[in-house]
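Subject: Structure for you to look at

Hello,

Here is the structure I promised. Please open it and keep it on screen while you read my notes below.

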Amino acid sequence: MKTLLKHLAAACVVALAAGPLQAAEKLGYLVKQPEEPWFQTEWAFAEKAGKEAGFEVLKIAVPDGEKTLNAIDSLAANGAKGFVICTPDPKLGPAIMAKAKSLGLKVVTVDDQFVNAKGQPMTDVPLVMMAASKVGERQGTELYKEMQRRKWKPEETAAMVITANELDTARRRTDGAMAALKAAGFPAKQIFTVPTKSNDIPGALDAGNSLLVQHPGVKNWLVVGMNDNTVLGGVRATEGNGFKAENVIGIGINGVDAVNELSKSKATGFYGSLLPSPDVHGRTSITMLHDWVVKGQEPKKFVEVTDAVLITRDNFREELKKKGLGS
Ligand code: FCA
């Protein structure tokens, strides 16, 4: 009898120990703009990583601060131990961290870095992001190259730069593009900036329109912005103001958000896009979080994802496929 009880007790201990290990870990993945293929790609690759390693990814759209804080509550109520987030507003950083801490959730940021009340980057929170300045510089270099290929005269050409300077990654990209244009020899006085009110096509279209009316007499336009939608908005503005595709060169950033445009039967002023690695962002950020939650392995504070490839109408299907992003 005694031995039987001993065995039973031992079995209970084993079952108890095994219990929590059997339940698949739940981790959140919160993104500010789920309508962008960029974020859909991050989600898809985070889910893939989850399937492979046996955890569940709870995908939540967080377009504003209220939805973000509610999402964190509901993650905790559902037993999640942490989340990856691309915040709708970097200034929400302290509120997000306070809430996560109070609920015992771990946080990894992706793409957009949190800032504190003084506007300084919260470098203590792990971050996975693209090499923003480098990608921006590449955008400027490629624009200049294409302009030369078309034999445009610099004095007949201007650059429309649609900015979103409150977002650090955006500011670094457009600053990088302007620096590269100037370094290549593009006249600084023909580079014009305009801020966008929202990081989408309608916002950038408005910004582009207001810039164009201020600079009549320009024959050719280069269009710079922090991502594909911003550049698409700028290109739409040139179209609305009577510019033909051959007089406009727009190069976006994200790549996956440019597929519809590059698939159009006729070329537009949107010449191409720099495609970084949304797949790597999704997989790396969620894996760092998972290792932290499950193995107690502290993530690196900063992971920069480099290398971007220029996709155009000529090569986009092939290049997307190479990265496992083709349809
Ligand atoms: C920011 C932009 C996105 C994407 C991401 C990497 O969050 O808004 O479009 O470029 O950085």
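β4 and β5 run parallel and pair over two bridges. Look for Val110: its bridge partner is Val128, in β5. Bear in mind that this is a predicted model.

Now the whole sheet. It is open and has six strands, in the order β2-β1-β3-β4-β5-β11, with parallel pairing. β2 and β11 (302–305) are at the edges. Each has a single partner strand, so one side of each has no neighbour in the sheet. On average, neighbouring strands are turned by 20 degrees against each other, direction ignored.

Next, the helices on the sheet. Helix α3 (residues 65–77) packs on it and touches β1, β2 and β3. The direction of α3 makes about 175 degrees with that of β1. α10 lies across β1, β2, β3, β4, β5 and β11. α10 runs at about 140 degrees to β1.

Then take helix α2. It covers residues 37–53, which is 17 residues. From first C-alpha to last, α2 reaches 24 Å, close to the 24 Å expected at 1.5 Å a residue. Which residues of α2 are buried? They are Trp38, Phe39, Thr41, Glu42, Trp43, Phe45, Ala46, Ala49 and Gly50. These buried residues pack against β1 (25–31), β2 (55–61), β3 (82–86), β4 (106–110), β5 (127–130) and α10 (278–295). Just after α2 comes Gly54, with a positive phi of about 80 degrees.

How do α2 and α10 meet? Their axes come within 7 Å and cross at roughly 45 degrees. That angle makes α2 oblique to α10. The crossing is right-handed. On the α2 side, the contact includes Trp38, Phe45, Lys48 and Glu52. On the α10 side, it includes Pro278, Arg283, Ile286 and His290.

At what angle do the axes of α7 and α8 cross? Helix α7 (residues 201–214) and helix α8 (residues 228–240) cross at roughly 45 degrees, and their axes come within 7 Å. α7 and α8 are therefore oblique to each other. This crossing is right-handed. In α7, the residues that meet α8 include Ile201, Leu205, Gly208 and Leu212. Their counterparts in α8 include Leu232, Gly233, Gly234 and Ala237.

Best wishes

Definitions and conventions
Residues are numbered from 1 along each chain as its sequence is written. This is a predicted model: local features need pLDDT of at least 70, side-chain atom pairs count only at pLDDT 80 or more; totals for chains, interfaces and linings use all residues. Side-chain values use heavy atoms; hydrogens and water are left out. Helices (H or I, at least four residues) and strands (E, at least two) are DSSP runs, numbered from the N terminus. The expected span of a helix is 1.5 Å times one less than its number of residues. Buried means under 20% relative accessible area, exposed over 50%, partly exposed in between (1.4 Å probe, protein chains only). Contact means heavy atoms within 4.5 Å. Two strands pair if DSSP finds at least two bridges between them. Axes are lines fitted to C-alpha atoms, for helices over the stretch in contact, and angles run from 0 to 180 degrees between N-to-C directions. Angles under 35 degrees count as roughly parallel, over 145 as roughly antiparallel, 65 to 115 as roughly perpendicular and the rest as oblique. A crossing is left-handed if the near helix is turned anticlockwise from the far one by less than a right angle, and right-handed if clockwise.
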